[in-house]
Amino acid sequence: MMPSAADFQPLAIDFGVLALILSLILGDLLLGAKSGKILGLSAGLSLLVLLAATFNLNLNGSAFSGAYVGDAWSTFFKRLFLLSGGLAILGGLDHVSRHYPHRQTEFYLMVLSSVLGMTLLPGARDLILLVVCFELMGVPLFVLAAYAKTDDSQGRLRHAPEAALKLYLVGVASTALMLFGLSWIYGMSGTTSIDRLMAAANSPMITAGGVLVLAGLAFKIGAVPFHFWVADTYEGSNTPFVAFLAVAPKLAGFVALAAVLQRGLNASDLQRPMLIAMAAASIVIGNVLAITQTNVKRLLAFSGVGHIGLILLAFIPGDAPSMTMLLFYGAAYVVTNIGAFLVVEAIEDAEGDCSLQAFEGLIHRSPALAFAMLVFLLSLAGIPFVIGFWAKLYVFLAAWQAGLTWLVALGAVAAVVGLFYYMQVARAMFMKPARAEAAALPHRLGLTFAIAICLAGVIVLGVFPAPLLDQAERAAASFVLGPRQIAAF
Amino acid sequence: MNALPLLGIIVAAPAIAGVLLLLLPSRARLLVRFTALLGAAIALSGSVVVAVRYDRLLGGFQMEERYPLVPKLGIFLRLAVDGWGVSLLLLTGIIIFAGVLATWTLKTREKEFFIYLLLLVAGVLGVFVSQDLFVFFLFYEIAVLPMYLLIGIWGSSHAVTEAGPFRYVWKVLDIGGREYAAMKLTLMLLVGSAFILVAMFALYVAAGSTSFDLEHLASVKYDRSLQLWAFPALWLGFGSLAGVFPFHTWSPDGHASAPTAVSMLHAGVLMKLGAFGIMRVGMVLLPEGAREWAPLVGGIAVVNVVYGALSAMSQKDLKYIIAYSSVSHMGIVMLGAATLTPMGWNGAVYQMFAHGIMTGLFFALVGLVYERAHTRHIPSMGGFAKIMPGVAAFFTLACLSSLGLPGTAGFVAELLVFVGAYQSAHSWWALPAILGAFITAVYVLRAVKTIFWGPGPAEKFVDLSDAKKTEWGALWILGAALVVFGVWPDLVLSFIDRATPDYLSAVLGGSK
């Protein structure tokens, strides 16, 4: 069947990203390597323009015989991915132009390719399309992780190849695992359409396939016990990329998990205990290992593992309220974590490292930056009137209503532990004197702009969470099938 | 005039003043101070207006305001005051106004200090007027958190004496005395918050997941099993802030390390939030749980009273004495609450008020003495009355109120609680409570004697001065309040008494 014009309506944004990629290649050819910063700036701003466009375009519809669907769910995630990409590019402008002056455009191209895979992903209703999108999202990340190579002029980031290799090996192995599981699912159900899997979802082979998919995706999202690459990769890679890596691919992993497990297989009895165990272990181990970290990137990495555990809680009930929570948490995670990592980038840019010592006395050197970091930390810790509070609250509420009382108690204790290590950073920034040789921080426009957006998001949505909650609820309702719809398949 | 959102203004004024401070340059030191004072003044004068406008004949909740926050989950910013709210608002207003005056001479990073301080006060005021459990919790958290920075940055240093497994963590992270105190306080209170959060969800879900409104939650009859586990969760959660034994250990360290205004606010008002939470949320929403657990609550409160007093007696550090005396006095509040009698409850709330003012005065004075003498070690002081007669007079006044001398606010409160305890089902509670008051007399009089009236002053202290300018303001406000509310307790007690029967009948309703 030939695709018709109507097929392209839900894909409008993705074509926009594709056009951006092509024009960036062209721009690089015509303008040369020197104009990399301009190209990056326009790429980052274009992503934000596309983000604004999602609010004005009608992206609903179905394309390619139902293999691709545009609805509130996919639009919500498209916005998150566009925002993450835009913030990472804008936040990385100065880093890229200073450290890789001769290969700037390629950096943005890689980010954009990954973003394209991501924006396509949430609409995919076919297993093959899902895998293709997921790999389009994942492969550029390997390149970006290794981007610093070893020839960095100032001798830092020499661990980039190690970081990239870890990410690569884990990524490839987990893809293989996921594909293996999907092959079982396809073999037993005879269909690659996610919506039709439900009808055949009773065989043990399909359950086993689901377990393999879950394990494969758990590597990607860095849930315990598949988390060991996270801290090393974050530490070794360049920070603007880490800001992206810590957020967007994780969310993409959750999207895939939601598509296969929730909508496809409706989390069977075997996967549910696995999910509970993984969530609980991630919450505990992530938060405990973060306590003694002295490198802020590693600290945020382990705290991220703990957050992943909280998000995983959504899949245990898997109903509309818990998917709402997933979406809300996702949005909170984007603005908070990217913001926090970009502050780390600002420090690393000036100091050359991102240990706790580098943060000492930040309040005297750059009060605005210290304040921003404090807000991000409070949001990560889940303190009222910043967005992270509502996110954590919805997790607990959804889990409580699903009867997972003990996990709520565990999460509440973990939140206190979390506050302890977030306070370590706050303590360094506010209570320690600045190092004698430490100068004022250099001003970086792109970075400042990106951090300001994150800060505004964290505070505004923290004070008025209702609109975002509305959006998330609508998106979840469009994704989670009601009992009647399930019967129809 | 009805349209004026008075309660909203009271809560928002300090927060807005804080935001304004953010915009001021930190070089404008006088402007910074006056902005902070203005925020505090609006809160204080607003509270006075609320007290004047509150119709005591009508009773109940008045001056209601309602703003949607997250309507989907049934969360509304509903503000209203009843008799308890009026009196505690008044207390907070007085303390913050005096607190800003008392820290007028702060010299390091004042702008930041006042920002956190005002934020904290906005949280405290919010707790006292919010009628939605969720908003209550929000404000409660806001009131607890700035404390970390306030103590960690402006606190006074001392060595950490911690032993055991935590010693390793402190060593690895290189944590000093005030940071240790700040961290201990924050973490202990947040563990408490976790308990509150869990109990709050349990109530919300059990009440049909439609609304966090306190009135709605109070109208539901909860299962006995839920009541029996949720009440202790709330008791321990709020109790960690109220200094309930054995979760009081953050309080001596925290209060001793904190700067003057923060100690004033924390011991004077914040600990009351905990007791207020136990009574307003724990007991009123979970009457059956409250009745079942009352013997333990009262028993622990008695331990608080006596243990706190004995600990205070063995201290040589002036701030630790006052801090432990707060633990002891908060025990009296909890004891009053546990009696479940009108007298006891009136006494508990009045003790919150009286002790708040008294301990505020104490910490203001200790701050003054420490700032001049640079020591808090009591044996090395002596004869200070000759060089700072004003401070000595006010200190003696605070001491007299602390030990419950008739004519001071402390007397009224303690008398009410003792009578309430005697009338309750556990009359024996009155005995150790009175013993506590006796021990209090021993340690405060001994401290006063040594510091102010003993031989001396030593040569290095001869040049010390008395209180100055704004400090006088703080001392006079607090000292006058102690006497006025001691001689004429009805000024506040009439408000408290208007609300107590309603709450108490809710708690006792089922048993009669």
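Mentor: This is a predicted model. The part to look at is a hairpin in chain B, built from E1(B) and E2(B) with 4 residues between them. In the turn, Gly74(B) has a positive phi of about 75°. The two strands cover residues 62-70 for E1 of chain B and residues 75-81 for E2 of chain B. Their pairing is antiparallel and runs over 6 bridges. One facing pair can be named: Val70(B) stands opposite Ile75(B), the latter in E2(B). When reading along either strand, keep in mind that side chains in a regular strand alternate between the two faces of the sheet.

Chain A can be described as a whole. Its secondary structure comes to 21 helices and 2 strands. The radius of gyration of chain A is 21 Å, close to the 23 Å from the globule rule for 489 residues, so chain A is as compact as a globular protein of that length. The C-alpha trace of chain A spans about 70 × 55 × 40 Å along its principal axes. Among contacts in chain A with a separation of 6 or more, 81% join residues 24 or more positions apart.

Burial and surface come next. Of the 489 residues in chain A, 65% count as buried. The chain exposes about 16,300 Å², and carbon and sulfur atoms supply 69% of that area. As for charge, chain A carries 26 positive and 25 negative side chains. The centres of these two sets lie 2 Å apart.

Technical notes. Residues numbered from 1 in each chain as written. Chains lettered and ligands numbered in written order. Predicted model: local features only at pLDDT ≥ 70, side-chain atom pairs only at ≥ 80, totals over all residues. Heavy atoms only, no water. Rg over C-alpha atoms; globule rule 2.2 N^0.38 Å. Buried < 20%, exposed > 50% of the residue type's maximum accessible area, 1.4 Å probe, protein only. Contact = heavy atoms within 4.5 Å. Areas by Shrake-Rupley, 256 points an atom, 1.4 Å probe, with all protein chains shown as cover. Lys, Arg positive; Asp, Glu negative; His and termini not counted. Charge placed at Lys NZ, Arg CZ, Asp CG, Glu CD. Pairing = 2+ DSSP bridges.
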